[in-house]
Amino acid sequence: MRQLLYFAILTLVGATAASAQSTPEEVDAALAAEQGCLSCHEGIEDFTQGVMMETIHAQGEEYGDPGGCVVCHGGTPSATTKEEAHSGSPADLAEYGPHDFYPDPGALWGAAERACGQCHDGYAERLSKSLMNTEAGKLQGNLWSWGVLDTHRSVYGNYALVDEDGFVPSVGTEAYQDYMVAFAEAHPDQMPASMEQVPEVDVDQISEHPNLAGITYSRQQCQRCHVGVTGREKRGDFRGAGCSSCHVPYSNDGFYEGNDPTIAKDQPGKLLVHQMQATRKSKVHVNGIEYSGIPSETCNSCHNRGKRIGVSYQGIMEFPYGSPYGESGASKQPKLHTKNYLFIKDDLHHQVESRPGNPEGGMLCQDCHTTIDMHGDGNLPGTTLAQVEIECEDCHGTVSKLPWDLPLGYGEEFQTEIADTPRGLAEDSLDETFAFATDYEPRDGFLLTARGNPFGNVVKDGDKVIMHSASGLDFEVPVLAQIAQDGSWKSPNAEVAMMSVGQHMESMECYACHADWAPQCYGCHITVDYSEGKTDVDWINNANARSDVGLTPDNEMGTNGLTSAGKVSETRSYLRWEEPTLGINGEGRVSPLMPGCQVITTVIDKDGNTVVHNETWMTPDAGGTKGLDHAAVQPHTAGREARSCESCHNNPKALGYGISGGRFMKGYEDGFTVDLETVQGQIIPRQTQMQSQPIPSLDHDLSRIVTEDGKQLVTVGSHWPLTGPLPQEMREKMERTGLCMGCHQNMTDEDVWEAVNSDRFVNNEEHQEVMDKAIHALAAEKKAAE
C-alpha cells in the first residue's frame with residue numbers, strides 16, 4: 001500500500017499514499033506527544049484555509065494532534081514508530097467508525113463516509129450511486145454494440161446497487177424533486193431502481209458465445225474511470241479515489257512538489273501538493289502560484305476516452321504520429337493518457353483570451369456543471385442525460401425568451417408537450433452550496449437549471465447575467481433575447497439562422513451548430529485472446545475487493561491490482577474531426593453524432609482457436625442493424641461562429657450518408673492484396689500476403705449511417721428510444737446539394753448566359769447580389785400576378 005500520510009481535513013481528501021522519503025524509524029516520545037503527526041510530517045501543507053482548517057486544528061488538539069491530521073486520517077499521533085502511528089484512531093473518533101488509519105480519507109468505500117462525511121453528510125452515498133461510480137451508461141452502450149444486451153434498460157454497473165429510498169432525490173429544491181420523480185416514472189429503463197454488478201466471463205462459454213468477450217473488454221479496458229478505484233499508473237491518469245479523485249491536485253507526471261519531508265519527490269504517483277481544490281474560497285498555493293477551482297485537466301484523468309469531452313474541451317484530439325520532433329530530433333511527444341495529441345481548437349468557454357467586457361481567462365468544468373451533475377442526487381441514473389440537469393439555454397436563453405422566462409424542462413422535452421410556465425429565479429442557493437461552496441450575492445436572483453435547481457454561481461444583475469467562476473473570475477453571459485432586441489448580431493448568418501428559421505431553435509441543440517468539431521475515431525478493432533492463460537487488469541475485480549479503509553488492490557504502486565482471464569488489443573480504422581454527422585439524440589433534438597463503440601471483433605478461445613474473425617454484432621435498433629454505433633454527443637467544442645449553412649444543407653456526411661456520400665472506402669468486406677498483378681487484377685506471385693483482411697459484414701464506409709432512401713445501416717445510440725439518424729422527411733427538407741446548378745445549368749444556353757455573365761471574375765459577394773436580385777424579381781413577379 002502506498003504509505004503517504006496526508007490530508008488533515010474535515011471533508012474532501014486525499015489520494016494515493018506514497019513511499020516514505022525520510023521518515024524516521026522512531027521519534028522521541030515527548031516530541032510525538034507535543035507535535036503528533038507533525039513530529040514526522042513537519043512542513044506538510046495545511047489542507048485548506050479559513051474556518052474549515054481552524055476547526056481541524058482545534059479538533060486535532062483535542063486528540064493530541066495539533067496539525068489535525070488524525071481528524072480525517074485516523075492513526076495514533078502519540079506513537080513513536082511509523083507502524084504504530086499508521087494504525088488505530090483516538091477513542092474519541094470511534095463514533096465515525098472502527099479504530100482505523102485511512103491513507104486516503106477520500107476513498108469512497110469506508111473512508112469517505114467517516115472522514116469527509118463528518119461534515120458532508122450523504123455525499124458518499126450520493127456519489128456511490130452516481131455515474132461517476134457506476135458507469136452504468138458506458139456498460140450498457142458497450143454491451144449493446146457487442147450484442148450482449150438487447151434492451152435500453154440499464155442492467156449493469158460496476159457494483160450491485162439498490163436505490164432503497166425511491167425516486168425522490170435526497171437533495172435539490174421541491175421543484176427539482178417533483179421533476180425527477182416524474183422523470184423517473186416516464187423513463188424507468190434509464191432510471192432503474194437497482195443494477196447488477198457486471199458479471200465475469202465464463203471462459204468455457206467463449207467458443208459458443210464469442211460476443212461475451214465484450215464483457216472482458218469492458219471490465220479490462222473501459223471501467224477504470226470510476227471513483228471507486230485509483231487512477232491508472234500512466235502519465236495523465238494519476239489521481240486519488242472517491243472524493244480525492246477530483247478534490248486533490250495531481251499533475252500529469254504525478255510528482256509531489258510540496259514540503260512534507262517524508263514524501264518522495266522523485267517517484268510518480270503522488271499528489272502535487274497536500275491541499276484541497278474545490279470552489280473559489282479554497283485557495284491552492286504551489287510553486288508560487290495561487291489558484292482556486294478544479295482545473296479541467298483533473299477532470300481529464302477520466303474524461304479522455306469514450307466521448308472524450310474533457311480533452312476536446314481543451315482543444316486536443318488523439319492522433320497516431322506524435323509529431324513534431326523534440327529538440328534532439330529523436331524524441332516525439334510524451335504519451336498523455338497513453339496517447340499522442342494534436343491541437344485542433346479549444347472550446348470558447350476554455351479559451352484564455354479576453355472578450356469585450358470580460359476578463360482574460362477561461363471557464364472551468366464546474367462553472368457549468370452542478371453538484372448534482374457530479375455527485376448525483378441519490379438516485380441511480382443509467383445514462384448521462386438522466387443525471388445531468390443543465391442545458392445551454394439555462395444561462396443564454398433563446399432569441400424570444402430570457403432564461404428565467406423559459407419553462408422547466410426546456411431543452412429536454414423528449415418530444416412531449418411541456419408547460420409554458422416561466423421558471424423564474426431563486427432567492428437562495430441550494431443548502432449544499434450555502435454550507436460548503438462559495439456563497440454569492442443573489443442580486444436579482446439565481447438562475448435555475450432546466451430541472452429547477454438554482455445555479456449557485458449564476459445571477460441576474462439588472463439586465464445582465466453574471467457567472468461567477470470558481471477560478472475567481474466573473475463573466476458576463478451573452479443573452480440571446482437581449483442580442484435580438486438590440487440587434488447586436490455578429491453576422492447576418494446568425495440572425496437568419498436563429499431569428500428567421502424557427503425550427504432551428506425549436507428542434508436543435510445549440511451545439512448542433514456551435515460545436516466546431518468532434519473527435520471521430522472510426523472503427524474499433526478489438527482482439528480478445530484467452531489462449532495460454534493470458535490475463536490483464538480487471539477494474540471490476542479491483543473495485544469489489546476493497547479493504548476496510550476503502551482502498552482497492554490497484555492502489556498499490558507498481559501493480560494494477562487484480563486481473564481476469566483474457567487479454568485485449570485494440571486499434572482504429574481512421575480518424576476525423578471536422579463537420580460531425582447530425583442525428584437525433586435521446587431528448588429528441590438534432591445533435592452532433594460521433595462514432596461510439598464501433599466494435600469489429602476477433603476472439604481467440606482458451607485453446608487458441610480463432611472463433612470469430614473481424615466480426616460485427618447485430619443490435620435490435622431499427623429492426624436489426626450492425627453494432628457500429630454512432631452516439632449523440634455534446635462535444636464540448638463550442639465556437640462563437642457556428643458551422644456554415646452549407647456544412648449541413650450541402651453536406652452528405654452531415655445528413656448521415658457518409659463522407660462524400662459514402663462513395664469512398666468501400667470494399668471492407670473483401671479486403672485486398674497488393675503485389676504484382678495483371679491488368680485484370682490477378683495476383684502474379686504465389687508467395688504473397690493479404691495486405692488488409694476482410695470484414696465480411698461491412699459493405700459501406702464506417703461514416704455512413706443511413707441510405708438516401710432511409711435504410712438505417714448501423715445502430716445510433718443505445719440508451720434512449722428517440723435516438724437515430726435524421727428522419728427521412730427532415731433529411732429531404734434539409735438537403736440542398738446541387739444548388740449551384742440551379743443557375744449554372746444555363747451556362748450551356750449562350751443567349752441566357754451572355755446576358756447575365758461578366759467577363760471579369762465575380763466574387764462571392766457579387767454572386768450573392770445576383771441571387772438576391774433574382775429573389776426580389778421573383779417576389780415582384782408573384783405580387784404582380786396577384
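Where is the place of Asp163? The place of Asp163 is in the loop between β2 (161-162) and α10. The model is predicted, so local features need pLDDT of at least 70 and side-chain atom pairs count only at pLDDT 80 or more, while totals for chains, interfaces and linings use all residues. Residues are numbered from 1 along each chain as its sequence is written, and side-chain values use heavy atoms, with hydrogens and water left out.

Figure 1. Helices and strands are DSSP runs numbered from the N terminus (helices: H or I, at least four residues; strands: E, at least two). Asp163 has a relative accessible area of 7% and is therefore buried (buried means under 20% relative accessible area, exposed over 50%, partly exposed in between, with a 1.4 Å probe and protein chains only). Its side chain makes a polar contact with the side chain of Lys129 at 3.3 Å (a pair of N or O atoms within 3.5 Å; within protein, one must be able to donate a hydrogen and the other to accept it, and residues adjacent in sequence count only if both atoms are side-chain atoms). Residues up to four places away in sequence aside, Asp163 touches Lys129, Ala193, Gly378, Asn379 and Leu380 (contact means heavy atoms within 4.5 Å).

**Figure 2. The ring pair of Phe183 and Phe414.** The whole structure holds seven aromatic pairs (rings of Phe, Tyr and Trp, the last by its six-membered ring, with centres within 6.5 Å; planes under 30 degrees apart count as stacked, over 60 as edge-to-face and the rest as tilted). In one of them, the ring centres of Phe183 and Phe414 are 5.8 Å apart and the planes stand at 70°, so the pair is edge-to-face. Phe183 belongs to helix α10 (residues 174-186) and Phe414 to the loop between α18 (393-396) and α19 (431-436), so the pair ties together parts that are 231 residues apart in sequence. Both Phe183 and Phe414 are buried. Together with Trp720, Phe183 and Phe414 form one aromatic cluster. Over the ring of Phe183 sits the charged end of Arg451, 4.7 Å from the ring centre (a charge sits over a ring if NZ of Lys or CZ of Arg is within 6 Å of the ring centre and within 35 degrees of the ring normal).

**Figure 3. Glu587, a buried acidic side chain.** Glu587 is found in the loop between β16 (582-584) and β17 (590-604). Glu587 is buried yet has no salt bridge (a side-chain nitrogen of Lys or Arg within 4 Å of a carboxyl oxygen of Asp or Glu). The nearest side chain of opposite charge is that of Arg451, 5.5 Å away (Lys and Arg count as positive and Asp and Glu as negative; His and the chain ends are not counted). Beyond its neighbours within four places in sequence, Glu587 is in contact with several residues, among them Phe414, Gln415, Glu509 and Leu722.

**Figure 4. The loop between β6 and β7.** Pro324 lies in the loop between β6 (316-319) and β7 (340-343). The peptide bond from Ser323 to Pro324 is cis, with omega near 0°. Thr338 has its place in the loop between β6 and β7 too. Although Thr338 is not a glycine, its phi is positive, at about 70°. With 35% relative accessibility, Thr338 counts as partly exposed.

**Figure 5. The salt bridge of Arg280 and Asp474.** The count of salt bridges comes to 25. In one of these, the side chains of Arg280 and Asp474 meet at 2.7 Å, N to O. The pair links distant parts of the chain, with Arg280 in the loop between α12 (244-247) and β4 (283-286) and Asp474 in strand β11 (residues 474-476), 194 residues apart. Arg280 counts as buried at 16% relative accessibility, whereas Asp474 is partly exposed with a relative accessible area of 34%.

**Figure 6. The salt bridge of Lys460 and Asp444.** The side chains of Lys460 and Asp444 meet in a salt bridge at 3.6 Å, N to O. Lys460 lies in strand β9 (residues 454-461) and Asp444 in the loop between α19 and β8 (445-448), so the pair ties together parts that are 16 residues apart in sequence. At 18% relative accessibility Lys460 counts as buried, and at 43% Asp444 counts as partly exposed.
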